[in-house]
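Subject: Structure handover

Hi,

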Amino acid sequence: MAIEVRNIHKAFGNFVALDNVSLNFPAGELTALLGPSGCGKTTLLRIIAGLERPDRGQVLLDGADASDRHVRERQVGFVFQHYALFKHMSVFENIAFGLRVKPRSVRPSEAQIKTKVMQLLELVQLDWLADRFPPQLSGGQRQRIALARALAVEPRVLLLDEPFGALDAKVRKELRRWLRRLHDELQVTSIFVTHDQEEALEVADQIVVMNKGVVEQIGAPDAVYNHPASPFVYGFLGNVNLFHGRVHEGVLDAGGIRFDAPDHAGAQDAAGVGFVRPHDIEIDRYAPGAEGIIVQLRHAHAIGPLAQLDLEREDNGEMIEAVMSNERFTQLKLTDGETLVVRPKRLQVFVNNEAP
């Protein structure tokens with residue numbers, strides 16, 4: 001089922017949660033609503049589900065206006081962060097619940113319900129837990145049961161609100177890989193809310209980055225990460241170094257250090273900021289006459305495959321964060337206090353009202 005929201009506006013008192021949001025969610029794709037707390041992503045999810053009504057705007061399901069449809073008529077499966085399982089019911093009964101409360105005319109027989117529930121338990125790889133109760137399960141198991149329960153009613157849309165937010169990092173990583181495989185198998189249109197950038201980039205077909213009730217950018221994960229549309233998106237999707245200065249005719253002058261900014265060839269002495277990710281910083285030992293920014297190594301954290309370096313600029317004292325392979329760091333034998341020279345390999349410049 002394709003989902004579209006048009007001109008959705010929602011306020012809670014003086015707080016505007018969604019400000020004229022319009023989006024398309026392609027049929028069969030997994031879309032992540034990504035943004036900080038309070039950006040409106042959960043409110044949008046609840047409006048699509050029918051759990052919340054917008055002040056203005058429409059929700060369209062397969063092109064038909066569903067704004068006035070009750071939540072039961074939208075054929076939506078909803079998975080909450082905190083599972084919302086019935087503690088007094090077994091795993092089997094939790095999954096069967098949605099089937100048993102269907103109107104008598106469309107309710108499956110007990111034999112059909114049993115077959116369906118066991119199929120879903122096999123799908124989420126927990127068929128051996130049918131007789132257990134939620135308090136006896138781990139967090140990861142409870143979340144998979146919650147997903148099986150949502151799938152039991154054969155929803156045309158699956159909505160997940162921070163589904164792995166209450167779990168520890170290792171379980172969260174395992175479950176998001178599992179969710180991706182499950183989605184590829186089922187091909188149900190899915191939208192999940194997260195504030196975890198890594199989760200969205202790893203799992204989603206499409207990412208919607210939200211901030212303060214508006215959409216900052218929408219696109220495939222690689223496009224959003226490699227070509228951020230705004231300073232907010234650039235900063236939200238991972239660590240970033242900022243080089244403040246003036247942009248004039250395609251060149252950013254940041255305190256005497258000049259960077260090419262070909263996208264802004266028409267800029268005339270405009271305020272601008274260059275954004276550089278830590279892994280796009282090239283590092284060498286300093287030698288007289290070397291081109292680049294002269295820095296001192298203040299601290300290096302070299303555990304695992306990557307070494308993270310905190311570098312202090314000699315000219316203005318600002319800190320630069322750089323990342324290199326631990327192998328390269330070991331080869332260079334860098335020591336705290338050493339003078340180095342750095343050069344951004346790739347830099348994106350925002351000017352005027354784009355820049356913070």
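Below are the aromatic contacts, the pockets and a pair of hairpins.

First, the ground rules. This is a predicted model, where local features need pLDDT of at least 70, side-chain atom pairs count only at pLDDT 80 or more, and totals for chains, interfaces and linings use all residues. Residues are numbered from 1 along each chain as its sequence is written, and side-chain values use heavy atoms, with hydrogens and water left out.

Aromatic contacts

The structure holds six aromatic pairs. Rings of Phe, Tyr and Trp (its six-membered ring) pair if their centres lie within 6.5 Å; planes under 30 degrees apart are stacked, over 60 edge-to-face, and the rest tilted. One of the pairs is Tyr234 with Phe275: tilted, 5.2 Å centre to centre, 40 degrees between the planes. Tyr234 lies in helix H8 (residues 231–236) and Phe275 in strand E14 (residues 270–276), so this pair ties together parts that are 41 residues apart in sequence. Helices (H or I, at least four residues) and strands (E, at least two) are DSSP runs, numbered from the N terminus.

Phe275 also pairs with Phe350. Phe350 sits in strand E20 (residues 348–351) and Phe275 in E14, so the pair links parts 75 residues apart in sequence. Tyr234, Phe275 and Phe350 form one aromatic cluster.

Two arginines sit over rings. Arg277 has its charged end over Tyr225, 4.3 Å from the ring centre. Arg144 lies over the face of Trp178, at 5.7 Å from the ring centre. The test is NZ of Lys or CZ of Arg within 6 Å of the ring centre and within 35 degrees of the ring normal.

Pockets

The largest pocket has a volume of about 850 Å³. A pocket is an open set of points on a 1 Å grid over the protein atoms alone, where a 1.4 Å probe fits, with protein on both sides within 12 Å along at least five of seven lines; lining residues have an atom within 4 Å of a point. Volume is the space filled by probe spheres set on the points.

This pocket is lined by 23 residues, with Arg72, Val76, Gly77, Gly98 and Val153 nearest its centre. Strand E6 (76–79), helix H2 (91–100) and helix H4 (139–152) each supply at least two lining residues.

The second largest pocket has a volume of about 170 Å³. Its lining has 13 residues; Pro278, Leu306, Gln308, Glu321 and Val323 lie nearest the centre. Strand E17 (306–313) gives the most, with three residues.

Hairpins

Strands E11 (residues 241–248) and E12 (residues 251–254) pair antiparallel over three bridges. Pairing needs at least two DSSP bridges between the strands. Arg246 is bridged to Asp253 in E12. Two residues separate E11 and E12 in their hairpin, and Glu249 in the turn has a positive phi of about 50 degrees.

E12 also pairs antiparallel with E13 (residues 257–260), over four bridges. Here Leu252 is the bridge partner of Phe259. In this hairpin, again with two residues between the strands, Gly255 takes a positive phi near 65 degrees.

Best wishes
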